[in-house]
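Welcome! Let's look at this structure together and ask, step by step, how each description is reached.

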Amino acid sequence: MTDIKPENKPIDFGNWVPLKMIVVPAILGLACLLAGLRWWPLLIAAALFCAIAVYFAVAWWLFSARGGNVQDRILELLLEHLPADAAGKVLDIGCGNGALAIKAAQRFPKAAVTGVDYWGKSWDYSIKVCEGNAAACGLSGRVDFRQGSAANLPFADGSFDLVISNLVFHEVRDAADKREPLREALRVLKPGGMFVLQDLFLLEPYFGTPQELQDTLRGWGAGRVEFIRTCDRDFIPGWVKLPFMVGTLAILRGEK
């Protein structure tokens, strides 16, 4: 029997839709349904909570690898906008469970990839999860993981040749202005280095208009800045193109 190499094993990188988004409204819906047997107005709340649970359950299936695989296709879109070949040092800001950092290491065998994340109690991810996923992909020793906040990266100025990130900046809780972590991303990037960042950049209360955001980055030292609307892709169904899902998703790609 032929042995299966670690890098050939499929890795489950989880789902961007937390199960609590399904379970909590489902429980509340059931509770309201039971209470509604005595007081009928609660049946309206029961229907609403059940509808929310169904919405996120279908979204979870759509994002999963066994379902619509939209989550992986969104991540692959970011990877498609990376340089054809990268060497030197690569930083993945907010690496989560290591998915993007690992895929970058697989794509760029000559690069040294570092993933940084705060993790914390709100997430099921940790540095051990990342290291386990990297080992399962045959990348032990090729991807380094560090703990730190995107608002105060634990690296010196100009430490990296390429900075990447996926769905992080709007979640940085220790940054009142969600644009400030973008300044940090540019700080640790070498002059002439490239950044490819994907987030809810069309969410104007957080980032301003696309033109304002591009102007802000240029004011912080970025040269060419390209704005790519991920949310317009045909593989994303319209009913998940809502602001709290992926309806404001876009890529910022440029150089310092």
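Q: Over which residues does pLDDT stay under 50?
A: This is a predicted model, and pLDDT stays under 50 over residues 1–8. For that stretch the model has eight contacts beyond four places in sequence. Where pLDDT is low, the predicted coordinates should not be read in detail.

Q: What is the mean pLDDT of the chain?
A: The mean is 90, and 96% of the residues reach 70 or more.

Q: How do you know that the span of helix H1 agrees with its number of residues?
A: Helix H1 covers residues 20–36, which makes 17 residues. At 1.5 Å a residue the helix should span 24 Å, and its end C-alpha atoms are 23 Å apart, so the two values agree.

Q: Which residues of H1 are buried, and what makes them line one face of the helix?
A: The buried ones are Ile22, Pro25, Gly29, Cys32 and Gly36. Looking down the axis of H1, you would find these buried residues within an arc of 110 degrees, and therefore they line one face. They pack against helix H2, residues 42–63. On the face turned away from the buried side, H1 carries the exposed residues Lys20, Ile27 and Leu34.

Q: Why is Cys32 called buried?
A: Its relative accessible area is 14%. Buried means under 20%, so Cys32 with its 14% counts as buried.

Q: Is Asn15 buried or exposed, and why?
A: Asn15, found in the segment before H1, has a relative accessibility of 13% and therefore counts as buried.

Q: What does the side chain of Asn15 reach at 2.8 Å?
A: That is the backbone oxygen of Trp60. A polar atom of the Asn15 side chain also lies 2.9 Å from the backbone nitrogen of Val17. Leaving aside neighbours within four places in sequence, Asn15 is in contact with residues including Phe63, Ser64 and Tyr125.

How values were computed. Residues numbered from 1 in each chain as written. Predicted model: local features only at pLDDT ≥ 70, side-chain atom pairs only at ≥ 80, totals over all residues. Heavy atoms only, no water. Helix = DSSP H or I, 4+ residues; strand = E, 2+ residues; numbered from the N terminus. Expected span 1.5 Å × (residues − 1). Buried < 20%, exposed > 50% of the residue type's maximum accessible area, 1.4 Å probe, protein only. Arc of directions from axis to C-beta. Contact = heavy atoms within 4.5 Å. pLDDT = per-residue confidence, 0-100. Polar contact = N/O pair within 3.5 Å; in protein donor to acceptor, adjacent residues only side chain to side chain.
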